[in-house]
Amino acid sequence: MKPFERFSSRLIPLPVDNIDTDQIIPARFLKTVSKEGLGEQLFYDWRYDAEGQPRPDFILNQPRAKGAQILLAGDNFGCGSSREHAPWALTQFGFRAVISTSFADIFRQNALKNALLPIVVSREIHAELFALVERDPQAEVTVDLAGQALILPDGRRVEFPIDPFARQCLLAGVDEVGWVLQQQEAIAAYEASHPAPVNTLLEG
Amino acid sequence: MPRTIIEKIFDAHVVKEIPGAPALLYIDLHLIHEVTSPQAFDGLRRRGLRVRRPDRTLATADHNVPTLAPRVPIADPVSARQVSQLEAHCQQFGIPCYSLGSERQGIVHVIGPELGLTQPGMTIVCGDSHTATHGALGALAFGIGTSEVEMVLATQCLLQARPRTCRINVGGRLRPGVSAKDVILALIAKIGTGGGTGCVFEYTGSAIRALSMEERMTVCNMSIEAGARAGLVAPDDTTFQYLAGRPFAPKGRAWDEALDRWRRLPTDEGATYDRTVELDADALEPMITFGTSPEMGIPITAAVPEPAAARDALERASLEKALRYMALEPGKPLLGHPIDVVFLGSCTNGRLVDLRQAARLLKGRRIHPRVRMLVVPGSMQVKREAEAEGLDEIFRAAGAEWRQPGCSMCIGMNGDQLEPGQYCVSTSNRNFEGRQGKGGRTLLASPLTAAASALAGAVADPRMYL
């Protein structure tokens, strides 16, 4: 994985609470056996009409979405299924961070494993950011993961919480599977002292 | 120090605590299915790794399989490819696979318990958010993404932060016509879909103790709809009776030893939780959802809420958006609202107990001519047992379709879908926009409410049919 670097971007507002993973990417696109091509399917049923034509009133179809890297969404973003296709679709579209007041647990984990930063802010800052993009759609916010802060256009720093291990992994570009593979000895020792409750290859 | 069952199971599976990192947690059982595993196997192959413990891994095909016979070959080439790739991966890596054609095929969260693979005190994961179902037997079970599936295939471990503990105490006794599904829908309506974020639930109280194993699975299953990755019920005699004699359950002396271990699992007296939520079973009515989030639920006799009563602008906008999608008017009751489809099935309500409850109402009656009713057993075993009791005949005679096992219209991947604009009373777990088919409108409810609504051709109160 590439190290996660500081960046600045416009915000793409999606003021809806509880945006679930079925909206982020509908289940019919989960028949794929690869990770490719999911960016086109991001928010498909909100983005395209029944004939598959882009809806001009949906924000991802507007010129301002092109090149934007931060999504600003309502409460409890990413609730629903465990599909990692959701962060794959978001990152393939170009997003590198989502800002909300809260994230669903599995989505947050999946996002962090794909260098998509789930940024939790207070209700006040959340409302302020929506007001900011309303006033100035081109306004840019900086994401500084090393400093664990958002930097607003007026220069204010807004700190956000993040699991310290995930932060380290993102900043250093650490591959978590590779990291756990280094713990083989401890895993083998655990297995030796804990007999398996079931063996799926044998009936008891 | 007194500990909750959640802490006991977590502690017993910590392989190593490494400063600055989440705990390295050992996984006793890894369940996989066709949809969230292909990219994980790709990753494994790219790294040149084997599956560390195929003997702790089991696969089935459920999300994407046809429910009409003959099921093989699968007509949709994209679905066929995904299922055949699962079979090929399992063969290559030595993982047992109960795919189409197996007498044990079924929804992953139905077959784990019924085969006795799910046992108290275990850690269980699956690339599916409804893995909490297995918590009904006193296991710590949760859904994971595909990167984590790859991690578990490679190492049999996960990096897991210690969860916060939350006790959901359901006191009192459920009244006739009110079931496990209503308990969990009422909880979600009360605390919201984000209410349990970061938590593992332990369900306690007299109303939970009185539930059968299958009903406890219904409750645990939808923990994720309240934001909790896992939910569990401490094991008791109901659990042990359910497990005894199942294919993978311990036998003989091993059974006695297991019982000793399992009896030590329940939460110690004096243990504290980070949070407690109380629910009064006596006050519960049959529940139904009206919107596009599982938290948008009401007692079946109540009116659809007014968006004007929302706590802030964003919540009001979300409610208005949901009611627009559902084409429902605020302030009006749902009772009597015409419906088009009834879906009975899923990992939430596709077990024998669920089918029996619905069949009890449908026996000797005909569903409304406007309604199409799909009955999809959760597994081959559920199907066999239901047929042995003649439930399939009751459903057919009532005018419903009796199908083959799979996730079916809960997720609509296999072609079992709603048409745009249709209303469906569904025993599944999610009413998200388009979940059951693009433009489809889902009303989540219990098997009893679903059966009553099928008879009425409209949203109906099951208590009128008991």
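Author: Two strands pair if DSSP finds at least two bridges between them. Please keep in mind throughout that this is a predicted model.

Reader: How many bridges join β1(B) to strand β2 of chain B?

Author: Two bridges join these strands, and β1(B) and β2, residues 23-26 of chain B, run antiparallel.

Reader: What is the order of the strands in the open sheet of chain B?

Author: The order is β1-β2-β8, an open sheet of three strands with antiparallel pairing. The edge strands of chain B, β1 (14-16) and β8 (157-160), each pair on one side only. On average, and with direction ignored, neighbouring strands of this sheet are turned by 45° against each other.

Reader: Which helix packs on the sheet?

Author: That helix is α8 of chain A, residues 184-193, which touches β1, β2 and β8 of chain B.

Reader: How many residues of chain A are in contact with chain B?

Author: There are 51 residues of chain A in contact with 71 residues of chain B. On the side of chain A that touches chain B, the elements giving two or more residues are α1 (21-24), α4 (105-112), α6 (164-172), α7 (176-181) and α8 of chain A. By class, this side of chain A has 21 nonpolar, 15 polar and 15 charged residues.

Reader: Where do nonpolar side chains tend to be in soluble globular proteins?

Author: In such proteins, nonpolar side chains tend to be buried together. In this model, the largest nonpolar core has 159 residues, and B:V183, B:I288 and B:V342 have the most contacts inside it. Helix α6 of chain B, residues 180-191, gives the most to this core, with eight residues. A second, separate core has 42 residues, including A:I12, A:F95, A:L117 and A:V121.

Reader: Which residues is B:I288 in contact with, leaving aside its neighbours within four places in sequence?

Author: With those neighbours set aside, the contacts of B:I288 include B:G297, B:I298, B:I300, B:L334, B:L443 and B:L444. B:A445, B:T449 and B:V459 are also in contact with B:I288.

Reader: Which residues of helix α14 of chain B are buried?

Author: In α14(B), residues 380-388, the buried residues are B:M380, B:Q381, B:V382, B:K383 and B:A386. Among the elements that cover them are α4 (108-114), α13 (352-362) and α15 (391-398) of chain B. After α14(B) comes B:G390, whose phi is positive, near 80°.

Notes. Residues are numbered from 1 along each chain as its sequence is written. Chains are lettered from A and ligands numbered from 1 in the order in which they are written. This is a predicted model: local features need pLDDT of at least 70, side-chain atom pairs count only at pLDDT 80 or more; totals for chains, interfaces and linings use all residues. Helices (H or I, at least four residues) and strands (E, at least two) are DSSP runs, numbered from the N terminus. Axes are lines fitted to C-alpha atoms, for helices over the stretch in contact, and angles run from 0 to 180 degrees between N-to-C directions. Two residues are in contact if their C-beta atoms, placed from the backbone, lie within 7 Å. A residue is buried if 20 or more other C-beta atoms lie within 10 Å of its own, exposed if 12 or fewer, and partly exposed in between; C-beta atoms are placed from the backbone. Ala, Val, Leu, Ile, Met, Phe, Trp, Tyr, Cys and Pro count as nonpolar, Asp, Glu, Lys and Arg as charged, and the others, Gly among them, as polar. A nonpolar core is a set of buried Ala, Val, Leu, Ile, Met, Phe, Trp, Tyr and Cys residues joined through C-beta atoms within 7 Å.
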